[in-house]
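Me: Please take a close look at one part of this model. Walk me through the geometry and the packing.

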Amino acid sequence: MTKLPSVLITGASSGIGATYADRFARRGHDLVLVARDGARMEALAARLRQDTGVAIDILPADLTQREDLARVEARLREDETIGILINNAGAALSGAFDEQSLDDIERLVALNTTAVVRLANVAASRFAKAGSGAIINIASVVGLVPEFGQTVYGATKAFVTFLSQGMTHELAPKGVYVQAVLPAATATEIWQRAGADTSTLHTMMRVDELVDAALVGFDRRETITIPPLPDAAQWDNYQAARQAMLPGFGNARAAERYRAAS
Ligand SMILES: NC(=O)c1ccc[n+]([C@@H]2O[C@H](COP(=O)([O-])OP(=O)(O)OC[C@H]3O[C@@H](n4cnc5c(N)ncnc54)[C@H](OP(=O)(O)O)[C@@H]3O)[C@@H](O)[C@H]2O)c1
């Protein structure tokens, strides 16, 4: 029997990442777990090794730190057993845009975008050469909704969705599958870590339900998976509306409404 690819999961110490670790271990995949909290990942790994018998490596890293990120990139580049990357580590930032600190914004962008695109690039280049592999990027519905008032967080997640769509366009012909998962509010530690007020949220999805739904989308090889969205045609219509603009983008002349009156 051919061996299943190993899965490298960032943000595997809690929430969505830890749940992906559980599910892929139960499917028989060896794992490489990445996050800052090594002790927490060790505890998860011990349980999963015992329950499933898969091999699990722990790679503690702060993905906002270049040297740590470089170690994860090297592992992805050199370890040819890894055939699935789950780009999941991420954080949110509470407060109003004009009151957030530049340092907090920079850290968020480093974690939610720079680390994601660097790891995706390293994985994609090896997977494309091999002609197979999969990359799961965890975005968010917040990236579709500027009205939520989570401006920087939403912008980083819009980046992840666009990145995934563009990667699909470029990499599907090379045998690499890319999925963007867009959760809505899900019950994890992300809220308390960001000091966010959850009192106005009347409902949150359970993390196991979110990950199991995302895996249905993964098994179907969907590009975009939005677990709570009942009507999939709404996303398709949204894409069709975007694509309907493409011919207009090719015009050499400014549109009539922008022509200065002579
Ligand atoms: N929960 C939601 O409502 C929701 C909705 C939409 C999208 N998402 C996305 O889902 C992903 C997972 O979040 P979650 O909800 O599962 O939250 P979570 O429980 O807070 O998990 C975040 C994970 O990222 C890791 N992490 C945080 N900062 C890191 C750093 N600097 N370097 C390395 N790892 C770091 C954390 O581990 P350590 O602290 O050990 O480093 C943890 O394992 C995120 O990308 C988030 O934006 C969540």
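Reply: Helix α4 bends by about 40° at A110 (the angle between axes fitted to the seven residues ending there and the seven starting there). Helices here are DSSP runs of H or I, at least four residues, numbered from the N terminus. This is a predicted model, with local features needing pLDDT of at least 70, side-chain atom pairs pLDDT 80 or more, and totals for chains, interfaces and linings using all residues. Residues are numbered from 1 along each chain, and side-chain values use heavy atoms, without hydrogens or water.

Just past α4, G131 has a positive phi of about 80°.

Now α1, residues 15–26. It packs on α2 (residues 38–52) at about 20°, axes 10 Å apart. That makes the pair roughly parallel (under 35 degrees; over 145 is roughly antiparallel, 65 to 115 roughly perpendicular, the rest oblique). A18, A21, D22, A25 and R26 of α1 meet L44, R47, L48, D51 and T52 of α2 (heavy atoms within 4.5 Å). These contact residues comprise five nonpolar, one polar and four charged.

α1 also packs on α7 (residues 207–219), at about 60° with axes 9 Å apart. That makes α1 oblique to α7. On α1, G15, I16, T19, Y20, R23 and F24 take part; their partners on α7 include V207, L210, A214 and F218. This contact holds nine nonpolar, two polar and three charged residues (Ala, Val, Leu, Ile, Met, Phe, Trp, Tyr, Cys and Pro are nonpolar; Asp, Glu, Lys and Arg charged; the others polar).

Terms used
Helix = DSSP H or I, 4+ residues; strand = E, 2+ residues; numbered from the N terminus. Axes fitted to C-alpha atoms, helices over the stretch in contact; angles between N-to-C directions.
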